[in-house]
Number of protein chains: 2
Amino acid sequence: MKLTEARQQFISSWGAFGTHWGINRTMAQIHALLLISPDPLTQDDMMEQLNISRGNTNMNIRELINWGLVERVLLSGERKEYFTAEKDIWKVVKQIIKERKKRELEPMLQLLDKLEEVEGDKRDKHVKIFVDTVSSIKKLGRQADKTLDMMIKAEESWFLGTMMKFFK
Amino acid sequence: MKLTEARQQFISSWGAFGTHWGINRTMAQIHALLLISPDPLTQDDMMEQLNISRGNTNMNIRELINWGLVERVLLSGERKEYFTAEKDIWKVVKQIIKERKKRELEPMLQLLDKLEEVEGDKRDKHVKIFVDTVSSIKKLGRQADKTLDMMIKAEESWFLGTMMKFFK
DNA sequence: ATATACTTTCAGTATTTTTTGAAAATTCGA
DNA sequence: TCGAATTTTCAAAAAATACTGAAAGTATAT
């Protein structure tokens with residue numbers, strides 16, 4: 001397979017993959033493009049390579065910056081802004097975990113704390129199953145939260161090495 | 001907080017949560033409703049409690065069954081079909097991991113295998129970064145695949161217990 | 001100061017996804 | 001075998017989401 005075709009496939013699959021995980025196609029594609037670009041790109045480069053409008057490009061770059069996956073680079077002597085993505089995949093994964101944990105897991109745990117305090121007699125089976133369900137989700141959620149914290153702090157080598165032995 | 005309100009909040013947040021993870025709102029809400037229902041429900045029960053149409057209910061129940069999260073129950077002497085969800089959250093999580101792994105991670109790894117074999121000279125920096133990116137995603141993906149396999153096989157007690165010690 | 005190069009915004013439009021509801025299909029008891 | 005109860009399907013409608021492009025905003029060089 002030629003590089004051009006392979007790049008095309010990579011970008012388009014990364015986009016499709018993203019949509020299964022609640023990330024919009026364009027954002028994932030811009031990220032993919034930057035991952036496989038040896039040098040920083042401008043907005044115009046991305047517009048051209050992905051066939052998308054200026055507005056769309058701009059919005060999604062900003063979003064990627066908010067997620068901590070892309071950053072602005074200033075090239076000396078250049079007026080234009082350039083963008084680049086973190087290339088270390090382990091760091092990328094950790095960053096995504098960090099953000100999703102903050103945006104989704106933590107608020108969910110807070111809600112569950114509130115819901116667990118529902119009024120009512122646990123002898124009522126509706127109350128019982130509600131409280132039991134909420135408690136058990138909370139328990140697992142808290143464990144996940146801790147585990148992910150550790151992953152965020154871990155080095156790839158430590159993580160892969162130890163996990164491998166651990167899980168044989 | 002009253003049970004009715006708490007249930008409402010639980011269902012609606014579970015739905016919103018789902019949409020952040022590529023699961024449609026109704027499917028997540030039906031699942032939530034079944035999780036906190038002590039007894040099996042009929043389609044009509046769900047339609048009424050969630051205010052959704054028959055078609056929508058039917059389609060999403062089927063989808064939940066495909067995901068292995070809900071099953072049909074036959075109540076003796078009843079013509080109608082009843083449905084119930086697995087209540088053990090650890091099992092639910094394992095089932096979701098299993099399905100997403102099969103549907104998404106595995107096909108992704110297959111694609112990466114193909115893309116890694118791109119033609120071209122690695123002294124070309126475009127070829128080099130492409131191959132390096134694909135390889136490193138593949139490496140991490142394979143590790144995730146193995147780790148998730150272990151989780152799927154593990155018991156909750158083993159998992160939580162050992163993970164806790166492991167991660168202090 | 002002004003012109004120019006570049007970036008950001010956002011109302012309107014397009015696309016995709018989800019939902020509806022009525023018709024068709026199926027199941028089951030009599 | 002018939003017919004009522006129930007489930008399934010799917011074309012059309014609605015809702016949600018994403019994208020465009022032109023105008024407004026900013027920064028920089030001269």
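## Terms and basis

A residue is called buried if 20 or more other C-beta atoms lie within 10 Å of its own, exposed if 12 or fewer do, and partly exposed in between, with the C-beta atoms placed from the backbone. The model is predicted, and local features need pLDDT of at least 70 while side-chain atom pairs count only at pLDDT 80 or more, although totals for chains, interfaces and linings use all residues. Residues are numbered from 1 along each chain as its sequence is written, and chains are lettered from A and ligands numbered from 1 in the order in which they are written.

## Chain A as a whole

Chain A has seven helices and two strands, where helices (H or I, at least four residues) and strands (E, at least two) are DSSP runs numbered from the N terminus. Along the sequence these elements follow the pattern α-α-α-α-β-β-α-α-α. Chain A is more spread out than a compact globule, because its radius of gyration of 21 Å is well over the 15 Å that the globule rule gives for 168 residues; the radius is taken over C-alpha atoms, and the rule is 2.2 Å times the number of residues to the power 0.38.

The C-alpha atoms of chain A fill a box of roughly 70 × 40 × 35 Å along the principal axes, and 23% of the 168 residues count as buried. Of the contacts in chain A (C-beta atoms, placed from the backbone, within 7 Å) between residues at least 6 apart in sequence, 46% join residues at least 24 apart.

## Helix 4 of chain A

Helix 4 of chain A has 13 residues and reaches 18 Å from its first C-alpha to its last, close to the 18 Å expected at 1.5 Å a residue, the expected span being 1.5 Å times one less than the number of residues. Its buried residues are A:Thr57, A:Asn60, A:Ile61 and A:Leu64. They cover an arc of only 105° around the axis, which puts them on the same side of helix 4 of chain A; the arc is that of the directions from the helix axis to the C-beta atoms.

These buried residues pack against helix 2, helix 3 (43-50), strand 1 (70-73) and strand 2 (82-85) of chain A, whereas the face turned away from the buried side carries the exposed residues A:Gly55, A:Arg62 and A:Asn66. Just after helix 4 of chain A, A:Gly68 takes a positive phi of about 75°.

## Surfaces near the DNA

DNA strand C is surrounded by 19 residues, the closest being A:Gly55, A:Glu81, B:Asn24, B:Ser53 and B:Gly55, where near means that the C-beta atom, placed from the backbone, lies within 6 Å. Two or more residues come from each of helix 4 (54-66) of chain A, helix 2 (25-35) of chain B and helix 4 (54-66) of chain B, and helix 4 of chain A gives the most, with four residues.

DNA strand D is likewise surrounded by 19 residues, of which A:Asn24, A:Ser53, A:Gly55, B:Gly55 and B:Glu81 are the closest. Here the largest share, four residues, comes from helix 4 of chain B. The surface near DNA strand D divides into two nonpolar, 10 polar and seven charged residues, with Ala, Val, Leu, Ile, Met, Phe, Trp, Tyr, Cys and Pro counted as nonpolar, Asp, Glu, Lys and Arg as charged, and the others, Gly among them, as polar.

## B:Arg72

B:Arg72 lies in strand 1 (residues 70-73) of chain B and counts as exposed because it has 11 C-beta neighbours inside 10 Å. Leaving aside residues up to four places away in sequence, B:Arg72 touches B:Glu81 and B:Phe83.

Note on methods:
Two residues are in contact if their C-beta atoms, placed from the backbone, lie within 7 Å.
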